[in-house]
Amino acid sequence: MIRILDLFLQVILGVFECIKLKNHLQKVQELWAIRIGDAIPRALFFFGGAHQSLLTLCLENAQMSCREAQNHNLLWRKALSGGIGNAALSSDEKVLLVDNLSTASTRRYVKQCTFLESARTAVCGSTNNEVRVMDVTNGECLQLLKTATKDDMMQVVAVSTAHANRHLIAGGSGSTPTVYLWEKTQRK
């Protein structure tokens, strides 16, 4: 788990600024800033042992890169097949979900994904009125959560585990500004 008081990341106009917080009474100190080109960062993740690496996924150029958080040295870079709309990294850092915006359509919409049930399940938004609950191990759609309005674009999702046997799934639509909440309970 990332300790918020250790590292804080700010992204403005394609420039990374990595800042260290000593304690809540001291001012924020910039560690480094690096221009990453003309692409907009869509997702940032600290990961690895002691969260010493910073993973960056960019929209327009479909680039995914990894840098050392302490000094911004580039560790690796990978190009994906289309623009990156959104991404989620599982808490165990073994699964990375990417909303890849490469489609035949000229209109592309960002859809959020997140993990549930110890990263065994993914909850993903869509450009129609569905939130998809997916099995991460095989990609199978376990359930479609549908809204009443056919044209809803479910672009944002959130999950919460209220108890070991109760999960909440929220989805938000911008088409007809509405927030939906579903509940999944498991037998004990």
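1. Asp99 is a buried residue, with a relative accessible area of 8%. Its partner is Lys111: the two form a salt bridge, and the closest N and O atoms are 3.3 Å apart. Asp99 belongs to strand S9, while Lys111 sits in the loop between strand S9 (96–100) and S10, so the bridge ties together parts that are twelve residues apart in sequence. Lys111 also counts as buried, because its relative accessible area is 18% and the cut-off for buried is under 20%.

2. Please keep in mind that this is a predicted model. The chain has an average pLDDT of 79, and 80% of the residues score at least 70. Confidence is highest in strand S7 (residues 74–79), at a mean of 93. Confidence is lowest in strand S1 (residues 7–12), where the mean is 45. The pLDDT is below 50 over residues 1–13, yet this stretch has 31 contacts in the model beyond near neighbours in sequence. Read those contacts alongside the pLDDT below 50.

3. Now the overall fold. The chain has 16 strands and zero helices. It holds 188 residues, and 38% of them count as buried. Take the contacts between residues at least 6 apart in sequence: 29% of these join residues at least 24 apart.

4. How many salt bridges does the structure hold? There are five. Glu130 and Arg132 make one of them, at 3.1 Å from N to O. Glu130 is buried, with a relative accessible area of 8%. Arg132 is partly exposed, at 27%.

5. Glu183 and Arg166 form another salt bridge, with the closest N and O atoms 2.4 Å apart. This pair links distant parts of the chain: Glu183 is in strand S16 (residues 178–185) and Arg166 in strand S15 (residues 166–173), 17 residues apart. Both ends are partly exposed. Glu183 has a relative accessible area of 49%, and Arg166 has 30%.

6. Arg67 deserves a look. The residue lies in strand S6 (residues 63–68). Arg67 is buried but has no salt bridge. Where is the nearest side chain of opposite charge? That is Glu68, 9.3 Å away. A polar atom of the Arg67 side chain does lie 2.9 Å from the backbone oxygen of His72. Setting aside neighbours within four places in sequence, Arg67 is in contact with Ile34, Gln52, Ser53, Leu54, His72, Asn73, Leu74, Leu75 and Arg77.

7. Glu117 is buried, with a relative accessible area of 11%. The side chain of Glu117 makes a polar contact with the side chain of Thr121, at 2.5 Å. Not counting residues up to four places away in sequence, Glu117 touches His167, Lys184 and Gln186. Ser160 is 43 residues from Glu117 along the chain, and their C-alpha atoms are separated by 9.5 Å.

8. Asn129 is in the loop between S11 and strand S12 (130–135). This residue counts as buried, at 12% relative accessibility. Residues that Asn129 touches, beyond those up to four places away in sequence, include Leu145, Lys146, Thr147 and Thr149. Lys150, Asp152 and Met154 are also among them.

9. Ala62 counts as buried, at 5% relative accessibility. Ala119 also has a positive phi, near 65 degrees. Its place is the loop between strand S10 (113–116) and strand S11 (121–124). Ala119 counts as buried, at 13% relative accessibility.

10. Last, the aromatics. A search of the whole structure finds one aromatic pair. Tyr180 and Trp182 form this pair, and their rings are stacked: 5.9 Å centre to centre, with 20 degrees between the planes. Are these two residues buried or exposed? Both Tyr180 and Trp182 are buried.

Conventions
Residues numbered from 1 in each chain as written. Heavy atoms only, no water. Phe/Tyr/Trp six-rings, centres within 6.5 Å; stacked < 30°, edge-to-face > 60°. Buried < 20%, exposed > 50% of the residue type's maximum accessible area, 1.4 Å probe, protein only. Helix = DSSP H or I, 4+ residues; strand = E, 2+ residues; numbered from the N terminus. Lys, Arg positive; Asp, Glu negative; His and termini not counted. Salt bridge = Lys/Arg side-chain N within 4 Å of Asp/Glu carboxyl O. Polar contact = N/O pair within 3.5 Å; in protein donor to acceptor, adjacent residues only side chain to side chain. Contact = heavy atoms within 4.5 Å. pLDDT = per-residue confidence, 0-100.
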